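Morning, everyone. Please have a look at the sequence and the model while I talk.

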Amino acid sequence: MVAIRHYAIIRESAAHIAEAANGAVEALVEARIEQEPAFTDRMLGRIESAMDGYVTKGVRWTAKTLTDRGRNSQEREFGADFAGVLDIDLEDFKVSKGFLAQAKMIEPRASVPARDIERMVDQCEVMLKHSPDSFLFLYSMGGISVVPAVSVVGGHFSNPHELYSRSLSRFYEEHFECFIGDREISSPTPNMLDGLRERLRVRRLSYLAAQQGAIQ
């Protein structure tokens with residue numbers, strides 16, 4: 001990872017994403033968002049708006065979000081609420097990979113019914129059958145945290161906030177650094193994203209790409 005470390009774009013880009021996503025948290029606090037799908041749409045939309053055309057240290061980011069609100073969505077069957085795809089194309093470092101995510105709106109001290117815990121575990125089990133890089137995104141008034149799906153299926157808990165988690169900024173840092181990411185969840189070109197979303201059977205797909213040669 002010496003190559004990508006040379007560009008020194010990781011922390012700054014991840015923080016930019018987290019700052020943008022915080023707008024969805026503010027909407028939740030102000031009761032302008034009350035349901036998980038609306039929060040996810042707001043979060044991904046703000047990330048797209050912030051990252052599309054974002055330039056840092058000679059690297060330009062592009063972003064795109066695909067959403068299918070149709071009746072034939074396979075979210076329940078597949079277990080994933082959205083997929084994230086990352087495409088880095090720098091002179092001496094290239095990678096395309098992604099992750100699966102299920103979203104839950106739960107406050108840290110909330111009492112979660114056992115049936116909801118069981119459904120959460122089942123959804124994570126289904127995601128893990130398709131990719132080890134599967135995660136639970138927890139939305140609360142305190143922010144967004146990310147828990148590995150493997151922790152959800154392996155632990156005994158009364159609230160998923162009890163499990164080890166990452167902040168959204170830290171999650172994307174590790175995603176950009178390649179500690180996180182499944183090469184099977186990738187797209188060779190932006191034009192093929194819709195086919196990837198159909199293959200993954202997810203309602204939403206968030207695409208981020210970093211390319212060299214942009215002028216600061």
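First, a definition: a crossing is right-handed if the near helix is turned clockwise from the far one by less than a right angle, and left-handed if anticlockwise. Also keep in mind that this is a predicted model.

Now, helix 2. How does helix 2 pass helix 7? In a right-handed crossing. Helix 7 covers residues 168-176, and its axis comes within 8 Å of the axis of helix 2. The two cross at roughly 140 degrees. Angles over 145 count as roughly antiparallel. Helix 2 is therefore oblique to helix 7.

Who meets whom here? From helix 2 we have Ile10, Arg11, Ser13, Ala14, Ala15, Ile17, Ala18 and Ala21. From helix 7 come Leu168, Ser169, Tyr172, Glu173 and Phe176. By class, the residues of this contact of helix 2 with helix 7 are nine nonpolar, two polar and two charged.

Next, the other partner. Helix 2 spans residues 10-29, and helix 3 spans residues 36-51. They pack at an angle of about 145 degrees. Their axes are 8 Å apart. Helix 2 passes helix 3 in a right-handed crossing, too.

On the helix 2 side, the contact includes Ser13, His16, Ile17, Ala20 and Ala21. On the helix 3 side, Phe39, Arg42, Met43 and Arg46 are among the residues. The contact of helix 2 with helix 3 has 12 nonpolar, three polar and two charged residues.

Let's go to the loops. Most residues other than glycine have a negative phi. Which loop holds Ala31? The loop between helix 2 and helix 3. The phi of Ala31 is near 65 degrees, a positive value in a residue other than glycine.

Cys178 is another case. Its phi is near 75 degrees, and that is again positive in a residue other than glycine. Cys178 is found in the loop between helix 7 and helix 8, residues 193-200. Cys178 is partly exposed, with a relative accessible area of 29%.

Last stop: His175, back in helix 7. Buried or exposed? The relative accessible area of His175 is 1%. The cut-off for buried is under 20%, so His175 is buried. What does His175 touch, leaving out residues up to four places away in sequence? Leu86, Lys97, Gly98, Phe99, Ile180 and Gly181.

To recap: helix 2 makes a right-handed crossing with helix 3, and a right-handed crossing with helix 7. Over to you for comments.

Technical notes
Residues numbered from 1 in each chain as written. Predicted model: local features only at pLDDT ≥ 70, side-chain atom pairs only at ≥ 80, totals over all residues. Heavy atoms only, no water. Axes fitted to C-alpha atoms, helices over the stretch in contact; angles between N-to-C directions. Helix = DSSP H or I, 4+ residues; strand = E, 2+ residues; numbered from the N terminus. Contact = heavy atoms within 4.5 Å. Nonpolar A, V, L, I, M, F, W, Y, C, P; charged D, E, K, R; others polar. Parallel < 35°, antiparallel > 145°, perpendicular 65-115°, else oblique. Buried < 20%, exposed > 50% of the residue type's maximum accessible area, 1.4 Å probe, protein only.
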